[in-house]
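Thanks for coming. I will talk through one structure, starting with the ligand and ending with the aromatic rings.

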Amino acid sequence: MPLFLKEPMRSHNFGAGPCTLPLECLEELAEEIVDYKGIGLSMLEISHRNKIFEDIHQETIDLAKEIYNAPPDFDVLFIQGGATLQFGMIPLNLYNAKNKAGYIITGEWSQKAFEDSQKIGFSSVVCDDKTYTRTPTESELNLTNDLRFLHITSNETISGLQFHRWPNVNIPMIADMSSDFFSRRIPWEKFAIVYGGVQKNIGPAGMAVVFINKKLCNDFNSGLPNYLRFDLHIKSNSLYNTPPVFTIYTTNKVLKWMKKNGGLDAIQQQADLKSKTIYDVIDQSNGYYKNPIEKNSRSQMNVIFTLNNSQLEEKFLKESTLQHFVGLKGHRIVGGCRASCYNALPISSANALAQFMIEFQQKNPL
Ligand SMILES: *Cc1c(COP(=O)(O)O)cnc(C)c1O
């Protein structure tokens with residue numbers, strides 16, 4: 001029996017997170033929600049020690065490594081508390097008088113990560129140009145000899161800038177990749193830790209995925225409360241306590257969807273295309289729409305833009321809502337507009353937004 005008798009209404013979801021999810025995954029969830037494959041239980045109810053879930057859990061870990069091409073040196077952890085908890089958890093586990101980290105500040109999220117690390121105490125800022133309109137190169141980093149790690153935020157979700165060229169440094173990097181997670185190939189040899197909340201690109205809210213290189217990170221602090229201990233999560237394969245079962249199960253579906261549809265390379269091509277479609281409208285608008293980011297640092301995930309004045313922006317946002325565009329309002333601290341083009345955003349949504357922007361400009365000349 002078809003689950004939906006008519007096509008479900010789907011908005012163009014440009015929200016910055018939680019993200020849009022593939023329709024076919026949502027439909028599968030709907031189908032399985034009451035009775036998962038005839039077992040008489042929902043994934044919302046099942047025990048995390050049930051073999052059926054344990055298999056899904058392991059498969060999700062394996063899929064995450066496979067799709068992201070993570071080398072065998074990396075352990076994969078599912079930890080609740082989002083990327084935000086990792087801002088403190090990583091320093092708590094790794095930093096000490098011998099192991100300090102330098103932070104590249106490129107916007108709000110790297111600033112937040114740094115501030116939390118400061119509470120632990122063994123970190124410093126290696127670069128902060130305060131403009132947040134471009135990503136720095138290695139020559140701009142003040143790397144002192146006492147640094148063992150370099151923390152980097154690969155994509156700044158609020159200011160809309162992204163590293164397209166990784167700094168060439170001789171210490172391993174710890175990267176918050178929350179908002180461009182699983183959206184492109186990454187040079188794993190440069191990283192000690194790669195982490196991100198799943199809700200920006202690969203699942204619903206509820207956990208972070210943390211990839212830890214066990215060769216580069218081994219002397220973890222074991223004097224922490226248990227949930228905060230990386231060594232315990234590693235030893236128990238992220239099943240130390242009750243994990244976010246439903247989040248893991250849904251992330252599993254999204255990862256399978258990615259695999260089926262061409263994996264990272266296809267996702268990256270689509271990210272290029274979707275963001276270019278919108279940047280082209282901005283660049284060809286004769287200044288009607290403005291993006292402040294240097295072209296080679298522009299984010300392919302979060303396209304930010306402003307209009308000439310706040311009244312026009314309000315009108316733009318209001319009319320966009322009537323056309324079923326969701327989430328185009330910029331972050332409250334920077335204002336303006338933001339179109340987040342995460343992995344599951346259909347190309348047709350990017351095209352629809354481009355068309356809407358062109359028509360809005362025609363109907364509302366300056
Ligand atoms: C959203 C975001 C975070 C915070 O993620 P949570 O999972 O909500 O804690 C951290 N860093 C970046 C780059 C983000 O985009």
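Predicted model: local features only at pLDDT ≥ 70, side-chain atom pairs only at ≥ 80, totals over all residues.

Now the contacts. D176 has a polar side-chain atom 2.6 Å from a nitrogen atom of the ligand. For K200, a polar side-chain atom lies 2.6 Å from an oxygen atom of the ligand. A83 uses its backbone: an N or O atom there is 3.0 Å from a ligand oxygen. The ligand taken alone exposes 380 Å², and the protein buries 87% of that.

On to the rings. The count is 27 aromatic pairs. In one of them, Y68 and F211, the ring centres are 5.7 Å apart and the planes stand at 70°, so the pair is edge-to-face. Y68 lies in helix α2 and F211 in strand β10, so this pair ties together parts 143 residues apart in sequence. Y68 is buried, at 1% relative accessible area, and F211 is buried too, at 0%.

Y289 and F316 also form an edge-to-face pair, 5.9 Å centre to centre with 70° between the planes. Both are buried. Ring pairs link these two into a cluster whose members include F14, Y288 and F305.

Last item: the charged end of K112 sits over the ring of W109, 4.8 Å from its centre.

Definitions and conventions. Residues numbered from 1 in each chain as written. Heavy atoms only, no water. Polar contact = N/O pair within 3.5 Å; in protein donor to acceptor, adjacent residues only side chain to side chain. Areas by Shrake-Rupley, 256 points an atom, 1.4 Å probe, with all protein chains shown as cover. Phe/Tyr/Trp six-rings, centres within 6.5 Å; stacked < 30°, edge-to-face > 60°. Helix = DSSP H or I, 4+ residues; strand = E, 2+ residues; numbered from the N terminus. Buried < 20%, exposed > 50% of the residue type's maximum accessible area, 1.4 Å probe, protein only. Lys NZ or Arg CZ within 6 Å of the ring centre and 35° of its normal.
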